[in-house]
Amino acid sequence: MDCKEEILSRIPHRPPFLWLDRIVLLTAEHIVAEKEISADLDFFAGHYPGYPIVPGVLLCEAVFQAGAVLISRNIESLAVAAQGVPVLTRITGARFKRPVRPGETIIVVADIKEKIGQAWFLKGRVKIGDEVAVSVEFACAMAPLSG
């Protein structure tokens, strides 16, 4: 299932702002995806020169994108135009536990905690191997597609 086309068919994000390379596992309530962190990403030149690390907000973005793929898995039987796209509405409890450096591969995990109406409540994390780099809880709501 690791095909990038699967990701591109489920969320509107595109390079250079696509933070998922492949899906490892996708069920109704859980996703595991991966992203290889290339050393040639532009932001490394200015984000802690001499000790380049991935900005925490971008690691959170990877989790949010994984959550959007997970939500799309749950609404795939419905017309996309009728559903819209999931947009972030809340971030709570973000914790940054370990820096992510060039050349590492992040494992991105997201789980649905609850769905209330058009709101989805999720939790996720970014890991390097078994070590958690970031954990975050967040919510998304469906926004209509605009022409």
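Guide: Start with a network: salt bridges link Lys4, Asp21 and Lys35. A salt bridge here is a side-chain nitrogen of Lys or Arg within 4 Å of a carboxyl oxygen of Asp or Glu. The model is predicted, so local features need pLDDT of at least 70 and side-chain atom pairs pLDDT 80 or more, while totals for chains, interfaces and linings use all residues. Numbering runs from 1 along each chain as its sequence is written, and side-chain values use heavy atoms, without hydrogens or water.

The search of the whole structure gives nine salt bridges. One of them joins Glu36 and Arg22, at 2.8 Å from N to O. Glu36 sits in strand 2 (residues 30-36) and Arg22 in strand 1 (residues 22-26), 14 residues apart. Strands are DSSP runs of E, at least two residues, numbered from the N terminus. Arg22 is buried at 18% relative accessible area; Glu36 is partly exposed at 44%. Buried means under 20%, exposed over 50%, partly exposed in between, with a 1.4 Å probe and protein chains only.

Arg98 pairs with Glu104 at 2.9 Å, N to O. Glu104 is buried, at 17%.

Next, Glu137 and Lys113: their closest N and O atoms are 2.7 Å apart. Glu137 is partly exposed at 33%, and Lys113 is partly exposed at 46%. Glu137 also stands opposite Thr92. Strand 3 (residues 85-96) and strand 6 (residues 131-143) run antiparallel, joined by nine bridges; pairing requires at least two DSSP bridges.

Technical notes
Helix = DSSP H or I, 4+ residues; strand = E, 2+ residues; numbered from the N terminus.
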